[in-house]
Every structure is written in structure tokens, then in C-alpha cells.
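My entries follow in the order in which I checked them.

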Amino acid sequence: MIRGILVKTAGVLAAIGLMGDAALAQEEKQLRIGFMATLSGPAAIYGEHMRDGFMLAVNQSNGALGGLPTNVLVVDDKLDADYAVEQVTKLIDKNGIDLLVGVNFSKVMLAVHDPVVRSRTLFIGTGSGPAPIAGRDCNRYFFSTASQDDQVHETMGRYASLKGYQQVVTIAPDYEAARDAIAAFRRHFKGQIAREIFPKLGQTDFSAEFDQIAGIEPDAIYAFMPGGMGVELVRQFQTSGIKGIIPFLSSQTVNGVTLPHSKETGEGLFSASHWAPNLDNPANKRFVREFGRAYDYAPSVYAAQGYDAAKLIHFALELTGGVKDQEAMLSAIHAAPFESVRGDFRFNSNQFPIQDFYLVEGVRRTSRLYEMEAIARVFDDVGDAFSGSCRM
């Protein structure tokens, strides 16, 4: 009797063990991704574009990137660096994520980057690309499907020089990242900066600034004015009396996020980007078409970067079969084995993209649809200025 009980007990324990092994095997076949972005407050729209682009690619794969059932944990960083560190620590330690994706503002990126890479968690940035992370603080666990932050400003500096502009007035909010943006513009602009204007962060009345510019009579204006400030700047440029007289160049001022709000006041104004909806390649055509169907709004560059990140993960996993072999996964991601919506794409030595940059223009497609259009290539297959400082 006792022997029979022992045999039965052993059988039950063995069955439990097999069930545990099966559960473990099933768990190992799942992919856990943390997606972090700013999803609340006035800046939420940028994070929403990134998230929607990423999730579109996940849904195109039937919820299984690389064939692995994919669980995406979306976290709002609230544009709060300390809160973001708490949340990313929870994603790694409690939720056991395999990868972190996202982050669209530099102060959050600079806060979470080190904790993530120190934990040896794969991190694919889709928004912010601060200079230190592209340069001296680069890390083999961090990749970016966005550009390094300075590159759009450098593109417009080069364009201004190609146009032969000799004197330019720059205007940007009065904070450190904006001053860095103007410095990046100057890196490729061969003329003179007639004046640098730095309105207070949050300012919405630019009449005095436009009066200054009219008095200087420069060859062009260069504006870095993101978000709502940019929308107001563009609207007031329309009625300033200098539109049509002084060219308006910008970066991250007229783009796929702000243009639907600027509307006709943003038509014909120039900016710089590595992506636009009209780039002529099959991956981009499918992305733009299916994004509009899924979300009923037009994608921006932020959505494109999120989408590319998911496609990068998908095809890297198809090469490796899973994320358990990190070395294989790192090699597969670095190979960039996917067709980017931007066309030319490969990773530089610092694991930021080598890609083309374009002059883009705000255009109206229909009475409701405004979007950016690439009209000229300014840089061909270019890396960022900080890759030489990266030592991996």
C-alpha cells in the first residue's frame, strides 16, 4: 500500500515537473518588450506616433515578432526623468523584459540609458539621440532607429550654404538643447549668423522677434521651435509681413506632427528629415497606406522610427530564433536585416543609422491632409558627428 502511494506520488511529482518544464519552455518562447515614451501632457503626440508606428508593425506580424508571441508593455514616462528611471527599473527587474524600445526626449534618454545598458538589456531608441550616447557613452546594448539629434540641424546648415545664404538669423527657445541645435546648424553653415534670438521657453507671442528680424533683413531665418511654440511661430510668420520676402528654414518646427495644426500657414515652409511619406520604396508605401488605415491620421517621422524598430526586431529574431543568445541577437540587430521605410539604412560603428537626409516641405494633399514631402537629398549615406568618439 505504502509502495503504491509512493509510486503514485512520484508520478504526480513527475507530471508536475513536466508541466513546469512545459510552462518554462512556453515562457521562453514569449517576447517581452517594454515600450517607453511620453504619452501624457502637451508633448504626448510625439510618443503616440512612435507607439502607433511600433504597434502597427507588431500587428502586421500577427502579434508575434520573429514568430514569438509578443507582449508589449507600454509605459508613459510623463517626461519626468526620475519617474522614468523608476519605471524602467520595474520593467527590467519585475517584468523581465527582453528589450526596451522608445524614449522620445533627451532628458529622459540621458536618465534611463545607463541603467538599461548596465543591466545588459537590449535597448532600441526610437526618438532621442543625445550626443553623449552617440559618442563617448555609446554602448553595445544600445541601438537607435532615429537620427542623432544634431543631424537635422546640420542638414539645414548645409542647405543654407548650398543656397548661398550669407546672413541668417536663428531663433530657438532659451534652453540647453535648443542652443545645441543652433550650434549644430552652424557646423555646416558657411555664412554668418546675423543674430541669435532665444525667446523664453513657452513664449507664444513672437511679434517683437519678427520686428527684429525685419530690421536686420537677413537672407534667411533658421528656426528650431518644437511643439506648440513652433505652431505659433509659423502662424505668426504668416502675418509678420516678411513671409515671401525672407525664407523660413527650420528643423522640428514644421513636421508631420505640427503641420496638421499649422495647416496652410505651414505650406511651402522647409525643414529637414531622414524620412517623408513620399519616399519611393515598397516598405514605405505599405507603411504609409496601412498606418492611415489603422489610425485614421497621417504618420510622422516619429511613427516611421517606431515602425522601423519593430521591423528591425522582427527580422533579427528570424535570424536568431530567439533572444536568449544575446551575442547572436546583437550581431543580428547590427546587421540591420530589414527594409527600412527610409530606404538606405545601415548602422554606424556607434549603432546610430547611416542614412540619407532630405530637404522637406509642408504640403497640402487634400482639404484635410497636410504632410511633409521630400523634395531634395541634402546628405547621402551620412553618419553623425560623434561616432568617432565612440569606443566599444
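I looked up Arg346 and found that its bridge partner in strand S13 is Ile354. Strands here are DSSP runs (E, at least two residues), and helices are runs of H or I with at least four residues, each numbered from the N terminus. The model is a predicted one, in which local features need pLDDT of at least 70 and side-chain atom pairs count only at pLDDT 80 or more, while totals for chains, interfaces and linings use all residues. Residues are numbered from 1 along each chain as its sequence is written, and side-chain values use heavy atoms, with hydrogens and water left out.

Strand S12 (residues 346-347) runs antiparallel to S13 and is joined to it by two bridges, where pairing requires at least two bridges found by DSSP. Five residues separate S12 and S13 in their hairpin, and Gln351 in that turn has a positive phi of about 70 degrees.

On S14 (residues 370-382) I noted nine bridges to S13, again antiparallel, with Tyr358 set against Arg377 in S14 as its bridge partner. S11 (residues 270-273) pairs with S13 in the antiparallel sense over four bridges, and Ser271 stands opposite Val360.

I then checked burial (buried is under 20% relative accessible area, exposed over 50%, partly exposed in between, with a 1.4 Å probe and protein chains only). Ten of the twelve residues of S13 (residues 353-364) are buried, so this strand is largely enclosed by the rest of the structure.

Last, I looked for disulfides, meaning cysteine sulfur pairs within 2.5 Å, and Cys138 is joined to Cys390 with S to S at 2.1 Å. Both Cys138 and Cys390 are buried.
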